Amino acid sequence: MLVTWIVASGVILFARFATRKIQEVPSGAQNFWEWLVEGLYGFLESIIGPGLVKKTFWFFATIFIFILATNWFGLVPGVGTIGWGVQGEHGFEVTRPLLRGGNADLNMTFAMAMIFFTCWMVWALQFSGVKGSFLHIFGPKGDSTGVIKYLMIVVFFAVGFLEMLSIAFRPISLSFRLYGNIFAGENLLEAMSNMVQHPAWAKVVFGALLPVPFYFMELLVGFIQAMVFMLLTSVFTALICTHEEEAGEVHH
Amino acid sequence: MLTPMLGEMSGSIHVGLAGLGSAIGVGLVGMKASEAVGRNPGAFGKVIVLAVLGMALAEAIVFYAIFLVH
């Protein structure tokens, strides 16, 4: 939790510092923020369409920047290794670290997934209303006439229950994916550091050298998981906020 | 000597199977993604977005198996 506050205040302070005096032609930190925000805006606009992106961009960009910063902060040397501990047989063992990787905790990722779920429901209701959302999930899609139409209504009603199950499962899947990746990465780095035990000099030397390629992999994984979280949440939003009539307008 | 070793497989075979399926799935997505870029090198940006998305969804199954063991 401490890490969350540190990362959040770090990001906010950096953004405030960069926009102290807004110049017409940006340079330095302001340029970096403008590049990031504009890049994300264009990227999301190509995925979920211009109307929806105006309403929801704040959430996706924030979640991307925050998850990326939290993931990368967990790789700073000292996070997870400095803290309170007990004196074990193999020297000092840290049992309660002072700072830990923020997303290596299921509570954190589940909280973010729940916030997304709440926003998602609000946006779905704002977009189609209660009746519209019900029809979107349970209503028949495509046009069919006669007896087939009544059969399709029954089929789509049953499919609607499956879709509700899938919708309910998505936040759990989001939280587990992020938690698993970051926690496994932390474990991997620790296992690599502790691999060579016996000669004391080799333990120090290889304990510092072996994790280095895995640090690069964890940088990449942190970035990819942040991007995947943002992409998946935006795609889910786009799926539930589609107008049904547009499919029929293509034929003329 | 092999038989007693096989006989004492303990507990985590579901994690092994989940890992197998997940790794094969990710590999398939990667295979098709590289094939698509090979056929149309200009579509690299779009293909890589879809590929990363597919890989993340395929990889998530193994996390359920690892962390939902009772």
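**A kinked helix and its surroundings**

Me: On which residue is the kink in α4(A) centred?
Reply: Helix α4(A) has a kink of about 100°, where the bend at a residue is the angle between axes fitted to the seven residues ending there and the seven starting there. Helices here are DSSP runs of H or I with at least four residues, and strands are runs of E with at least two, both numbered from the N terminus. The residue on which this kink is centred is A:G129.

Me: What kind of model is this, and how are residues and chains labelled?
Reply: This is a predicted model in which local features need pLDDT of at least 70 and side-chain atom pairs count only at pLDDT 80 or more, while totals for chains, interfaces and linings use all residues. Residues are numbered from 1 along each chain as its sequence is written, and chains are lettered from A and ligands numbered from 1 in the order in which they are written.

Me: How far apart are the end C-alpha atoms of helix α4 of chain A?
Reply: Helix α4 covers residues 106–138 of chain A, which is 33 residues. The expected span of a helix is 1.5 Å times one less than its number of residues, and a straight helix would here reach 48 Å. The end C-alpha atoms of α4(A) fall short of that, being only 33 Å apart.

Me: Which residues of α4(A) are buried?
Reply: A residue is buried if 20 or more other C-beta atoms lie within 10 Å of its own, exposed if 12 or fewer, and partly exposed in between, with the C-beta atoms placed from the backbone. By that rule the buried residues of α4(A) are A:M108, A:T109, A:M112, A:A113, A:F116, A:W120, A:A124 and A:H136.

Me: Is A:I48 buried or exposed?
Reply: A:I48 lies in helix α2 of chain A and touches A:V53, A:S234, A:T237 and A:A238, leaving aside residues up to four places away in sequence; such a contact needs C-beta atoms, placed from the backbone, within 7 Å. A:C241 is 193 residues from A:I48 in sequence, with 9.4 Å between their C-alpha atoms. Because 21 other C-beta atoms lie within 10 Å of A:I48, this residue is buried.

Me: Is A:L2 buried or exposed?
Reply: A:L2 has its place in helix α1, residues 2–18 of chain A, and its C-alpha atom is 34 Å from that of A:A124, 122 residues away along the chain. Since A:L2 has 10 C-beta neighbours inside 10 Å, it counts as exposed.

**The two chains**

Me: In what order do the elements of chain A run from the N terminus on?
Reply: Chain A has seven helices and two strands, and buried residues make up 21% of its 252 residues. From the N terminus on, these elements run α-α-α-β-β-α-α-α-α.

Me: How does α2(B) lie relative to α3(B), parallel or antiparallel?
Reply: Chain B has three helices and zero strands, and helices α2 (residues 13–39) and α3 (residues 44–67) of chain B pack at an angle of about 175° with their axes 8 Å apart. Axes are lines fitted to C-alpha atoms, for helices over the stretch in contact, and angles run from 0 to 180 degrees between N-to-C directions. Angles under 35 degrees count as roughly parallel, over 145 as roughly antiparallel, 65 to 115 as roughly perpendicular and the rest as oblique, so α2(B) is roughly antiparallel to α3(B).

Me: Which residues make the contact of α7(A) with α3(B)?
Reply: Helices α7(A) and α3(B) pack at an angle of about 95°, with their axes 10 Å apart, which makes α7(A) roughly perpendicular to α3(B). The contact is made by A:I224, A:M227, A:V228 and A:L231 of α7(A), together with B:V52, B:L53 and B:A56 of α3(B).

Me: How many residues of chain B are in contact with chain A?
Reply: On the side of chain A that touches chain B, α5 (147–193) and α7 (211–240) each supply at least two residues. Eight residues of chain A take part, and the residues of chain B in contact with them number eight.

Technical notes. Contact = placed C-beta atoms within 7 Å.
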